[in-house]
Amino acid sequence: MSDLETLSASVTALEESIATTNGGLDVFYLLFAGAMVFFMQAGFAMLCAGSIRAKNVKNIMLKNILDACGGAVGFWTIGYAFAYGGADSSTLTFIGNSDFVLANIHDGASLIGWFFQFAFAATAATIVAGTVAERCKFEAYIAYSLMLTGFVYPVVVHSIWSSSGFLSAFTDDENKFLGSGMIDFAGSGVVHMTGGATALFAAKILGSRIGRFYDADGNELPEPVSFPPHSVALQVLGTFILWVGWYGFNPGSTLGISPAGYADVAALCAVTTTLAAASGSVSAMMTDMIMTRKCTGETMYDITMCMNGALSGLVGITAGCSVCEPWAAFVIGIIAGWVYIFFSSLLVKLKIDDAVDAIPVHFGNGMWGCIATGLFASPGLVANAYGTPNNGLFYGGANAGKLLGVEIVGILFIIGWVGVIMIPYFMLLNAMGLFRVDALEEEVGLDISHHKGAAYDLSGPSEDVKEKYEISNSQRKKEIVLPAEGEENA
């Protein structure tokens, strides 16, 4: 073998080694990012548990655990196949049609792709659980969770993220909707709007908790009654866990780290995610403080506004985290705080009871995130992340209005698709008596009526133990010898 042949063989071996290393690096990157997204389930559990009353904590915790279980089963059996099966960028399809139960998937890159996408599907289902907390039957929860992760959500994913989707930015140029395709990098629309729209329809059909807008006899109350959270500490813990998990949610949506430019996109996502969360938190809290001061003359800082404002900023930046400049992320977060306050107030006016305010955070700001992308997407950053010449309305140019138009169509599609499937589905569950618990079960709490007792043991010591303690304490006092009068004077 000549020196040239030896050198060529060495170069080939080196290229193969680099490719293998890069492939392993990308698998590990998605494993880490997917694990962070999955850990968000713990954040949802803590946030939901802290936001509701103590008598329903076991119920909401169990539902959060089963979100992960049901999401895994549903997405493994049919969900992933409907979302990505048979994707071909040259052909547009409504739904995937292969790879059921991962039958033809064996390589590490595809398997870790399923894991990462499963974590997203479970997130969409968890959004609904918080909204209908404290009055939804367990059977109904299992039914809608499987429907959402197995069918409704995968169709949205296929339409927007699959290379065969009619709104996809990853299909061939001639197939791109309006010549653009929808930019929803990490799922403001795909994940959060889908879960939020499902929660909205469920809350409307299920009805409010007893005593929120109506009394036990169905009479309208003069003023809506707020049910204070039983643990602000759990709420704050959940909020921070979700914020941390979002660093897997957004930067992880590059789906790799080794190709040229991917690290730059991931780093930008981390920065924009941080700024939007921070500005959203301050925006919601300070706006609420100003409104409260104008109404009552008192200056009050609401921690709930602070927490949900941060989550609203996170949802709002999720679609455009890879294509918006840091200054734009800051502005998007500020407006996200206002969007949260508006939708939260609107729900109260419409007498729609959301136990954890998930609809304003995920549905309202999911819409805002998509619209914001159509406004603030930078042409240079779009080219880096998507390789296309699109840009937001504020940057002008020939393509200025196309992206915003596609984003609006995407919003309408998600609302329409979720409504067409889930509204009849929830109405059927309600008609069959499978949706809402009995009024007495709701009043006593779902922990006692459905889960073998309360989450917290607040019973204290028994009366017998108290009586024994009092007798023992009395005897000890009698044994104390007081000093004599002469000794005291001495």
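Biologist: Helices are DSSP runs of H or I, at least four residues, and strands are runs of E, at least two, numbered from the N terminus. Which helix is alanine 199 found in?

Modeller: Alanine 199 is found in helix α5. Keep in mind that this is a predicted model, where local features need pLDDT of at least 70, side-chain atom pairs count only at pLDDT 80 or more, and totals for chains, interfaces and linings use all residues. Residues are numbered from 1 along each chain as its sequence is written, and side-chain values use heavy atoms, leaving out hydrogens and water.

Biologist: Thanks! Is alanine 199 buried or exposed?

Modeller: Alanine 199 is buried, as its relative accessible area is 0%. Buried means under 20%, exposed over 50%, and partly exposed in between, with a 1.4 Å probe and protein chains only.

Biologist: And what does alanine 199 touch?

Modeller: Setting aside residues up to four places away in sequence, alanine 199 touches Ile127, Val128, Thr131 and Ile359. Contact here means heavy atoms within 4.5 Å. Take threonine 131: its C-alpha is 6.1 Å from that of alanine 199, though the two residues are 68 apart in sequence.

Biologist: Let's zoom out. How many helices and strands does the chain have?

Modeller: The protein chain has 16 helices and 0 strands. Its C-alpha atoms fill a box of roughly 115 × 65 × 50 Å along the principal axes. Of its 490 residues, 51% count as buried.

Biologist: What share of the contacts join residues at least 24 apart?

Modeller: That share is 77%, among contacts between residues at least 6 apart in sequence.

Biologist: Helix pairs next. At what angle do α1 and α3 pack?

Modeller: Helix α1 (residues 3-51) packs against helix α3 (residues 108-131) at an angle of about 15°, and their axes are 9 Å apart. That makes α1 roughly parallel to α3. The words go by angle: under 35 degrees is roughly parallel, over 145 roughly antiparallel, 65 to 115 roughly perpendicular, and the rest oblique. Axes are lines fitted to C-alpha atoms, for helices over the stretch in contact, with angles from 0 to 180 degrees between N-to-C directions.

Biologist: How do α3 and α4 cross?

Modeller: The axes of α3 and helix α4 (residues 138-160) cross at roughly 140° and come within 10 Å. That makes α3 oblique to α4.

Biologist: Which residues meet there?

Modeller: From α3 come Phe120, Ala121, Ala124, Ala125, Val128 and Ala129, and they meet Tyr141, Tyr144, Ser145, Leu148, Thr149 and Tyr153 in α4. Val128 is also one of the residues that alanine 199 touches.

Biologist: New topic: where is methionine 300?

Modeller: Methionine 300 sits in the loop between α7 (262-296) and α8 (303-318). Methionine 300 is partly exposed, with a relative accessible area of 48%. Leaving aside neighbours within four places in sequence, methionine 300 is in contact with Met289 and Thr292.

Biologist: How far is methionine 300 from phenylalanine 118?

Modeller: They are 41 Å apart, C-alpha to C-alpha, and 182 residues apart in sequence.

Biologist: What about serine 231, buried or exposed?

Modeller: Serine 231 is buried, at 16% relative accessible area. Serine 231 belongs to the loop between α5 (188-206) and α6 (232-249).

Biologist: Last one: where is asparagine 59, and what does it touch?

Modeller: Asparagine 59 has its place in helix α2 (residues 57-84). Asparagine 59 is buried, with a relative accessible area of 2%. Not counting residues up to four places away in sequence, asparagine 59 touches Leu446, Asp447 and His451.
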